[in-house]
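Biologist: Could you take me through this model, chain by chain and then where the chains meet?
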Amino acid sequence: MEQTPVLKVDGLAVAYKTRKRDIHAVRDVSFEIYSGENLGLVGESGCGKSTVAYSIVNFLGPNGRIVRGNILFKGEPLHNRSEKELRRLRGADISMVYQEPMSALNPSMRIQDQLAESLITHRGMPRSEAYGKSLQALKDVYMPDAEAVMLRYPHQLSGGQQQRVVIAMALLNNPSLLIMDEPTTALDVTVEAAVLDLIAELKERYQTATLYISHNLGVVARVSDKVGVMYAGEIVELASTRSIYQSPLHPYTMGLMRCLPDVDAPKGTRQLLPIEGRVPSPANLPSGCIFAPRCPHVIAECSAQRPKLIELTTGHHVRCIRAGEWIGKDMVWLDQGVSTEPCPDRDEASPEKTLVVQNARVYYPVPFKTVAGLFGLEKRQYVRAADDISLQVKRGRTLGIVGESGCGKSTLAKAIVGLEPLYDGKIEFLNMDISSPLNKRKLNVIRELQMVFQDPNGTLNPSYCVGDQIAASLRRFHTVPPDQVQGEVEQLLRSVKLDESYYYRLPRQLSGGEKQRVGIARAIASNPAMVICDEPVSALDVSVQAAVLNLLLEIQKTHNTTMILISHDLSSVRFFSDDVAVMYLGRVVEIGPCEAIYMPPNHPYTAALLAAVPRPDPDLEPSRVRLTGRVPSAVNPPSGCRFHTRCPFYMGDICKEQEPPERDFGGGHKIYCHLSQEELEQIKP
Amino acid sequence: MSTASFQEDIARPKQPPQPVAPLPEQLGAARRFFAGLWKRVRDLIEIITASPTAVVGLIMVLFWVFVAVFAPLITTYSPLEQDYKAINQPPSAAHILGTDQLGRDVWSRLAYGARTILTLGPASVLVAFLLGIALGLPSGYYGGAIDETVMRILDALMAFPTILLYMIIISAVGPSHFNVVIAIAIGGAPGIARLVRALTMDIRTREYVAAAKLRGDSDFTIMVREILPNCRGPLIVDFLMRIGYAAFYIGTLGFLGLGLPPPTPDWGGMVQQGHNHMMANVWPVLSATLAIITLVIGLNMFADGVREESMRYQ
């Protein structure tokens with residue numbers, strides 16, 4: 001069937017102007033998208049994925065420009081068009097969905113006005129018709145209670161609902177081309193799963209050509225027909241989704257796949273293989289193959305010249321001179337050389353409890369909104385961020401805490417280290433009562449309980465060099481005599497796989513993964529008994545995540561450190577934890593040994609979380625267990641079982657009125673649910 | 001080797017050789033410090049030269065700095081020397097900008113006036129910053145009652161029109177160099193405190209602050225070591241801007257007769273004393289006004305240019 005592609009990008013090169021020189025962010029990128037097709041672009045951050053998207057709609061900003069190449073939209077060139085023509089095209093035929101739904105919506109306009117606006121301006125539609133069509137669009141994206149949503153303002157919607165509105169808005173004009181730039185990255189897994197279902201379905205229904213940009217291979221496998229893998233501004237592999245996932249031919253693609261923790265593999269059975277090194281800056285690219293410096297299969301010829309993107313088998317394009325050798329070898333080949341040494345038997349670890357949390361509550365007071373409240377005439381309201389939590393962590397083991405954003409997992413962590421005061425309850429650490437906040441704790445308690453933070457850009461003070469920040473901990477806790485501080489810092493840097501030259505680097509000279517390593521070095525500087533890791537890898541690229549997780553695991557092995565890993569990513573929790581607690585709206589709904597959590601029986605919420613994890617296998621039939629609705633407010637949590645408003649197994653009044661009982665499945669595996677043990681066994685994720 | 005140091009060498013009694021070379025580690029640290037400093041200076045120069053606004057502003061400011069530093073060398077008369085035989089002279093070969101109503105050389109007064117304004121301006125802003133930081137930092141860090149109290153007091157202070165505030169302070173304590181500095185510092189502190197407070201409220205939520213708390217650092221250490229250094233970008237720009245305003249206010253106070261006591265060479269005072277004789281001789285007023293304008297605009301352009309250029313590629 002001969003047909004014009006909706007979008008044809010041919011030899012695209014984009015450069016950004018900076019004070020020093022031009023940065024060639026994208027070079028020689030070519031692809032085509034036909035009607036009804038979804039092309040996924042994947043790659044680490046800084047690979048130029050978004051730049052490609054922006055160059056299509058000409059949003060490169062004042063310092064970006066297209067240097068070479070053609071962008072043909074339905075056979076006609078898109079670049080060098082006047083601003084006016086482009087605006088018409090963008091409104092009517094090309095739509096874009098961005099990562100942050102909140103910043104794509106105007107906070108001061110009702111949803112219905114925002115939706116209808118584009119119809120009224122681009123199509124000159126009468127108002128009543130435009131509103132009708134907007135409502136229909138919301139219904140098309142399965143917005144629950146669409147009529148009410150039409151009248152709301154963006155801040156009254158949850159993240160998932162906002163993203164639905166943005167997608168509805170993008171689809172309003174029946175665009176021929178839809179560009180989605182990480183549309184689900186900012187969303188929780190459960191919401192992400194629902195949005196991905198929606199994207200997959202809309203493609204079938206409207207035959208829209210879609211360019212889907214994501215760093216997550218699992219997500220792309222779920223929605224795309226074709227995948228382009230980008231590395232440092234070039235497409236290194238382009239093929240159908242199945243062919244990429246079953247027989248990746250470029251070492252970079254292979255690397256991306258084997259650094260992913262697998263939600264279906266228990267701790268110790270698999271080692272993550274990170275891709276060493278980092279994406280080269282577009283300012284100084286290697287002369288030959290751009291991936292050669294990080295490639296495990298590099299040979300002398302690789303650096304001779306830049307390989308071309310060649311079609312190796314039908315429809316499978318690869319930019320690698322050795323790719324031919326790997327045709328027909330299956331994924332097992334990838335695991336060659338991987339040490340399969342199992343983790344030390346965790347049962348041997350002493351059963352001594354390092355941390356015991358008993359009925360901990362962390363409440364934040366809600367600021368008074370009335371004058372009466374200000375004078376104490378109104379009952380004080382609280383955000384019940386963590387409500388009646390009890391758990392324990394054994395020495396040398398890891399407890400994983402999972403849950404959607406807003407479930408109170410970070411709050412709990414902060415309460416344990418003392419950054420947030422406890423409202424009620426008790427925390428015992430090494431048989432000492434540490435229920436008091438940080439400024440009342442003794443220095444020798446503080447040094448035993450350290451934390452690794454989430455945001456690599458916020459974890460280090462930009463004003464001081466790396467070494468000084470680690471040294472500050474050493475000096476403060478008198479870990480080593482003053483004259484040995486420098487040596488100890490270097491030792492710590494080496495133990496997080498950074499060499500001594502990093503001592504005098506400033507944080508801004510480090511990549512995200514390196515900053516996170518320094519954060520880890522700082523946390524272990526005082527040789528603490530316990531380290532709490534609050535989403536230590538969520539902000540990092542997959543290839544770097546693997547390295548950081550491996551590092552944490554290694555530290556745990558060598559120092560027998562007790563850890564808590566807080567994460568929304570069930571795969572990394574499974575990779576890393578011995579025990580897992582699942583939290584929902586300030587409560588623990590299920591707790592137990594890691595293996596038990598990832599197998600039935602499950603709490604309905606855990607089952608939904610597990611079902612939502614995008615798996616990087618296009619053949620796997622996606623599970624249809626989906627949660628609806630939004631997480632209720634923690635100021636007035638639902639009565640009875642807090643999950644009853646969203647539970648697919650809602651049984652009526654009993655769930656609404658009574659606290660769920662504890663169902664003990666042995667071995668410390670407990671589920672808090674009204675369903676009977678037999679019924680719980682039936683739930684399949 | 002120059003002759004001077006050669007002679008010194010002979011003059012000095014011979015001392016036993018001392019290990020002058022510092023320990024290798026210290027040497028390395030010092031070298032790294034200077035290398036780091038040099039790199040920062042180079043970055044700054046790069047930023048400044050990339051912005052035409054900043055370059056023009058800097059040239060204007062540097063001109064007055066040059067004049068102030070070399071005032072004795074580039075003037076022929078003392079700024080206080082009166083010549084009753086030559087009052088209100090237009091520019092001539094003897095007096096390049098003429099003389100004022102007391103027969104003082106306008107150019108000399110301008111040059112020495114630059115000294116006054118370029119020392120008192122930065123000094124008063126520096127004091128204002130010390131005050132503002134001392135108030136704003138704890139305010140933003142602790143929030144709550146401390147913040148409310150400090151901010152309401154500052155609100156009350158800010159409710160006064162600036163000039164009125166200065167007049168009240170100066171009338172109460174009398175005009176002198178020191179009092180002008182204090183008045184301008186008090187007038188500027190609330191604005192600085194608000195800026196510092198806003199920056200602190202943002203920075204205190206950063207994870208490195210939490211990390212410092214987990215180190216058991218005291219609140220004071222956290223404020224000074226972790227938060228304050230990261231406010232420096234906006235504060236430096238604000239500092240430059242405020243030197244411009246301070247120059248302007250010193251001029252205004254001088255014009256109102258509340259500035260520096262005569263016969264101090266002071267641009268504002270020159271305008272004030274000269275404006276009665278403007279019909280006869282426009283030169284003292286005109287040149288002092290132009291001096292104030294060029295310095296204030298120069299500082300503003302410089303600050304603006306630096307701010308724009310440093311934010312451009314972020």
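Biologist: How many helices and strands are there in chain B?
Modeller: In this predicted model, chain B has 13 helices and zero strands, where helices (H or I, at least four residues) and strands (E, at least two) are DSSP runs numbered from the N terminus. Residues are numbered from 1 along each chain as written, while chains are lettered from A and ligands numbered from 1 in the order written. Local features need pLDDT of at least 70 and side-chain atom pairs pLDDT 80 or more, whereas totals for chains, interfaces and linings use all residues.

Biologist: And what share of chain B is buried?
Modeller: Buried residues are 40% of its 314 residues, a buried residue having 20 or more other C-beta atoms within 10 Å of its own, with C-beta atoms placed from the backbone.

Biologist: Switching to chain A, at what angle do H4(A) and H7(A) pack?
Modeller: Helix H4 (residues 111-123) and helix H7 (residues 159-171) of chain A pack at about 20°, their axes 9 Å apart, the axes being lines fitted to C-alpha atoms over the stretch in contact, and angles running from 0 to 180 degrees between N-to-C directions. H4(A) and H7(A) are therefore roughly parallel, a label for angles under 35 degrees.

Biologist: Which residues make that contact?
Modeller: A:Ile111, A:Gln114, A:Leu115 and A:Ser118 of H4(A) meet A:Val165, A:Ala168 and A:Met169 of H7(A), contact requiring C-beta atoms, placed from the backbone, to lie within 7 Å.

Biologist: How many residues of chain A touch chain B?
Modeller: There are 22 residues of chain A in contact with 17 of chain B, and H15(A) gives the largest share of the chain A side, three residues.

Notes:
Contact = placed C-beta atoms within 7 Å. Parallel < 35°, antiparallel > 145°, perpendicular 65-115°, else oblique. Buried ≥ 20, exposed ≤ 12 C-beta atoms within 10 Å, placed from the backbone.
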